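Subject: Structure handover

Hello,

Here is the structure I promised to pass on. Please open it first, then read my notes below.

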Amino acid sequence: MAGRSAPRPAVQQRPATKSTKAETGRNIRSASDWWQLLKIDALILREIHVRLKSSFETSFGKIWERRILLVEACCDRLSGWGEVTAGEGPFYNPETTDTSWSIFCSFVAPLAIGKNIEGPGDVPALLAPIRGHEMTKAALENALWDIESQRLGTPLALLLGGTAREIACGVSLGIQTNPEALLSIIERELAAGYQRIKIKIKPGKDLEFIAAARKCFPAVKLMVDANSAYHLEQAAHLREFDAYDLMMIEQPLAWDDIFDHAKLQSQIRTPICLDESIHNASHARAAIELGACRIINIKLGRVGGHSEACRVQEICRQRSIPVWSGGMLETGIGRAHNIAMSSLPGFTLPGDVSASKRYWDEDIIEPEVEVTPKGTIVVPTTPGLGYSVRRKRIEQLTVRQQVFHAKDSEVSVKGAA
Ligand code: OSB
Ligand code: MG
């Protein structure tokens, strides 16, 4: 990987999309394309309700029914999609489905609607007056990346600077009632080809599960995710994990902490991976320089969209810190964006991006995301998301929607379709 010159990420500087095209010499339709602005003509915010195939338990609770916001952007007769990855409650981070609805309607849409931008890389600056609410902002920016990819006729992964043709997949397994239940699920996922197993843990549901998994599967790539369930005072307990050859322990301490993670990392051998604590490239730099982690989980929503995700990836790559893509129980739309992101050169570890059928009876994209027997997802090579959006299915699942038009920034409200 090192030394190979990757295509310059389109998101680092505005004209880069142009030079990417110029370098590859492909997809150039006409010189005038280069200067065409993207006008945000309309935005549609929808809430869909979807039921997970099976419940998912973390240290902050159990989830079955998902309430997910989708953002559709319409520019120059193209339509692009993004997903808000916020949870139903403020338990992973402060955003929720409802706060996101409110922030999108009151602040994000009014700032964006009718604007002419050079490309999606302009969105962070456009939305900079809004502090926080990264997942809400990411849905808009990512929808515009979908459009940009279609407009340029360049696959999204390539547009972002991605080089991988396939990405490595792992699974994230919720907390189980007992170790036996966990072992049988691990067996099933390994048989499906997944390359890495992540176990959710919390105090009282940790060592016994880890020890059983390691004993039964001595060679498997194994890691744990605590979702902030521990305190620095429990360092001696967390040191016991060192005996099980874990790839990493994800976010053991507070969701907004970096400093104590540095103290903990100096006391344990297992590499710490930060998830919740990293909201942008500057957090990533601080965490790495403080020695608070040796690995970073990049979630597109948590860092505010593709532009910032690329920056985090680059900071980590320069410092030889491996990254991987986390998941937020997304539908196919969020998943397609995660796949494109995971093709970037810094993503050297298997992510939590797995097949649609692990989560949903029926996804909202087609084809559904599938995992090969060797535990990979083939990165799509068609422009846009690389999957088609099942509009009819989305309409069936929609419980509320709000449309914003450029003309008069008028807001019209419609109930379920
Ligand atoms: O911490 O990675 C996490 C799901 C919800 C909230 C937080 C997390 C998760 C997962 C699920 O681990 C990953 C997936 O989408 O499979
Ligand atoms: Mg996590």
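How many residues surround ligand 1, and which are the closest? The count is 16. Ser172, Asn227, Lys299, Leu329 and Tyr359 are the closest. Keep in mind that this is a predicted model.

**The ligand site**

Ligand 1 sits in the largest pocket. By class, its shell holds 6 nonpolar, 3 polar and 7 charged residues.

For tyrosine 359, the distance is 2.5 Å. For lysine 200, it is 3.0 Å. For aspartate 225, it is 3.0 Å too. On its own, ligand 1 has 390 Å² of accessible area, and the protein covers 97% of that.

**The cysteines**

I also looked at disulfides. A search of the whole structure finds 0 of them. A disulfide needs the two sulfur atoms within 2.5 Å. Seen from cysteine 75, the closest cysteine sulfur is the one in cysteine 74, again at 7.3 Å.

Is cysteine 75 buried or exposed? Cysteine 75 counts as buried, because its relative accessibility is 0%.

That is what I have for now.

Best wishes

Key:
Residues numbered from 1 in each chain as written. Chains lettered and ligands numbered in written order. Predicted model: local features only at pLDDT ≥ 70, side-chain atom pairs only at ≥ 80, totals over all residues. Heavy atoms only, no water. Buried < 20%, exposed > 50% of the residue type's maximum accessible area, 1.4 Å probe, protein only. Near = heavy atom within 4 Å. Polar contact = N/O pair within 3.5 Å; in protein donor to acceptor, adjacent residues only side chain to side chain. Areas by Shrake-Rupley, 256 points an atom, 1.4 Å probe, with all protein chains shown as cover. 1 Å grid on protein atoms, 1.4 Å probe; cavity = no way out; pocket = protein on both sides within 12 Å on 5 of 7 lines; lining within 4 Å. Sits in = over half its atoms within 2 Å of the grid points. Nonpolar A, V, L, I, M, F, W, Y, C, P; charged D, E, K, R; others polar.
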